[in-house]
Amino acid sequence: FCQPGGWQLSRERKQPTFFVVVLTDIDSDRHYCSCLTFYEAEINLQACLGLIYTVYVDSLNVSLESLIANLCACLVPAAGGSQNLLFVFSGIQNVLSLFCAVLTENKVLFHSASFQRLSDACRALESLMFPLKYSYPYIPILPAQLLEVLSSPTPFIIGVHSVFKTDVHELLDVIIADLDGGTIKIPECIHLSSLPEPLLHQTQAALSLILHPDLEVADHAFPPPRTALSHSKMLDKEVRAVFLRLFAQLFQGYRSCLQLIRIHAEPVIHFHKTAFLGQRGLVENDFLTKVLNGMAFAGFVSERGPPYRSCDLFDEVVAFEVERIKVEENNPMKMIKHVRELAEQLFKNENPNPHMAFQKVPRPTEGSHLRVHILPFPKINETRVQELIQENLAKNQNAPPASRVEKKCVVPAGPPVVSIMDKVTTVFNSAQRLEVVRNCISFIFENKTLETEKTLPAALRALKGKAARQCLTDELGLHVQQNRAILDHQQFDYIIRMMNCTLQ
């Protein structure tokens, strides 16, 4: 994993390179490994790991064993994502396609000539899923010897070096993203479900305002002075805030569809998916149906279902902010203001002590890798490193906790489930509803497939009304008098979809 392309000899001196590897163990815990690769002359070549390259190359008066022990014993918080970089590499539309692909449990493969870019892209895509957690194979940098993993039947997020792109393009059921060219390839056999409208359009618009602020005034005869992009760290949080708002709208009212079956010893919680989809007006929406049936949502229900637990920013937004989001959806200035408020909260949560000074890692002197006379990297005294690690761990156990202690509270339920669709699209008067249902059933029994396909969505929406459901049973009764109706597979499927919608 430290050398994904294998160990290589070079005829010339090369710059040191750096990237981060993520390993997932059998318990789904992740281990992060920083890989700094540098070149030595072949004389007295050691297989060795240059963790502290600057100290070695500049012969600083510090014990390498002490530095390695300090690194191994210190508690490092998880790094923030590189969401805005992912959008720079791939563009808004492509990232949203990858986002939908991951949420609907498709296989996603990145390739790039840069190992660090692969790490950043995989981490960014995963972090956009918050409050959901990715539970399938996650391998930002796949070594050459393990390319057969790409044929696994499970969904995954994997990154490979571009030297293998000819091999990966033969995969038939994998969505492939080229981070260097900014393109994605979706195989014909994959039907990629999209976010329901109007959420898709709203998310695209919000991301465009944040990532391309000049676009809105591009046609103005007298545009204002160039709009400055947010500071890169805040821009990253603003992108995450857009997706936090999106999930709050998608899952609004989810708590009203939770059923607590047992509290002791461990809570057992069931989520009523059919009720949730029906009340949201999304029974026929395959995107949300796939999300609710996925492993990530099952983990979401298990983790966030209990009524008494520690709460976070998502709990606040889904309970108290969704109505505000809806009111402000057609006002870009108010929407940006809310996004920036959420971004500030995300930044404060991840940087609780902004004024604390951090010691930066010293850089090696310019051109140090080109020196002719460099002492070979020394062998590390493993026993001494272990002794120092144990000393550091003993000190850490007596130190006060570095992170805030999370307080538990009753989780706010928020407003009940409401339809996600625009009200205009679901308003029928009673006579129209009945006519739509009658026409659709007639087209089905007359085997007019084209007309059926055109009228079926409207008929399924109409079946939300009680009179239309009664009409369906009456019409079917007329067609099956004396059990003479015989349907082919397609006709039967249409009828079942209507009956299923009625029952839901």
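The model is a predicted one, and its protein chain has 504 residues, of which 41% are buried. The chain holds 19 helices and 11 strands.

**Aromatic residues**

- The whole structure contains 12 aromatic pairs, and one of them is formed by Phe251 and Phe300, whose ring centres are 5.2 Å apart and whose planes meet at 50°, so this pair is tilted.
- Phe251 sits in the loop between α8 (232–250) and β8 (258–262), while Phe300 belongs to helix α11 (residues 295–304), so their pairing ties together parts of the chain that are 49 residues apart in sequence.
- Both partners are buried, since Phe251 has a relative accessible area of 0% and Phe300 has one of 2%, each of which falls under the 20% limit for a buried residue.
- One aromatic cluster is formed by Phe99, Phe243, Phe247, Phe251, Tyr254, Phe271, Phe276, Phe297, Phe300 and Phe314.
- Phe243, a member of that cluster, is found in helix α8 and is buried, with a relative accessible area of 1%.
- Once residues up to four places away in sequence are set aside, Phe243 touches Phe87, Leu96, Phe99, Leu128 and Leu207.
- Phe243 is also 9.6 Å from Pro131, C-alpha to C-alpha, although 112 residues separate the two in sequence.

**Helix α19**

- Helix α19 covers residues 489–503, and its 15 residues reach 21 Å from the first C-alpha to the last, close to the 21 Å expected at 1.5 Å a residue.
- The buried residues of this helix are Gln491, Tyr494, Ile495, Met498, Cys501 and Thr502, and they lie on the same side of α19 because they cover an arc of only 125° around its axis.
- In general, an α-helix has 3.6 residues a turn, so residues three or four places apart point the same way.
- The exposed residues His489 and Leu503 are carried on the face of α19 that is turned away from its buried side.
- The N-terminal end of α19 is capped by Asp488, which has a side-chain oxygen 3.1 Å from the backbone nitrogen of Gln490.

**Residues in strands**

- His111 lies in strand β3, which runs over residues 107–112, and His111 is buried, with a relative accessible area of 2%.
- Leaving out neighbours within four places in sequence, His111 is in contact with Leu118, Val160, Ser162, Lys165, His169, Ile176, Ala177, Asp178, Leu179 and Asp180.
- Leu36 has its place in strand β2 (residues 30–37) and counts as partly exposed, at 23% relative accessibility.
- Leu36 and Thr17 are 5.8 Å apart in space, C-alpha to C-alpha, and 19 residues apart in sequence.

**Cis peptide bonds**

- The peptide bond that leads from Phe130 to Pro131 is cis, with omega near 15°, and Pro131 is located in the loop between α5 (115–127) and β4 (138–139).
- Glu197 and Pro198 are likewise joined by a cis peptide bond, for which omega is about 5°, and Pro198 is found in the loop between β7 (183–185) and α7 (199–211).

- Glu105 is not a glycine, yet it has a positive phi of about 60°; Glu105 lies in the loop between α4 (92–103) and β3, where it is partly exposed, with a relative accessible area of 28%.
- Asn447, also a residue other than glycine, has a positive phi near 60°; Asn447 belongs to the loop between α16 (430–445) and α17 (449–462) and counts as partly exposed, at 41% relative accessibility.

Conventions: Residues are numbered from 1 along each chain as its sequence is written. This is a predicted model: local features need pLDDT of at least 70, side-chain atom pairs count only at pLDDT 80 or more; totals for chains, interfaces and linings use all residues. Side-chain values use heavy atoms; hydrogens and water are left out. Helices (H or I, at least four residues) and strands (E, at least two) are DSSP runs, numbered from the N terminus. Buried means under 20% relative accessible area, exposed over 50%, partly exposed in between (1.4 Å probe, protein chains only). Contact means heavy atoms within 4.5 Å. The expected span of a helix is 1.5 Å times one less than its number of residues. The arc is that of the directions from the helix axis to the C-beta atoms. A polar contact is a pair of N or O atoms within 3.5 Å; within protein, one must be able to donate a hydrogen and the other to accept it, and residues adjacent in sequence count only if both atoms are side-chain atoms. Rings of Phe, Tyr and Trp (its six-membered ring) pair if their centres lie within 6.5 Å; planes under 30 degrees apart count as stacked, over 60 as edge-to-face and the rest as tilted.
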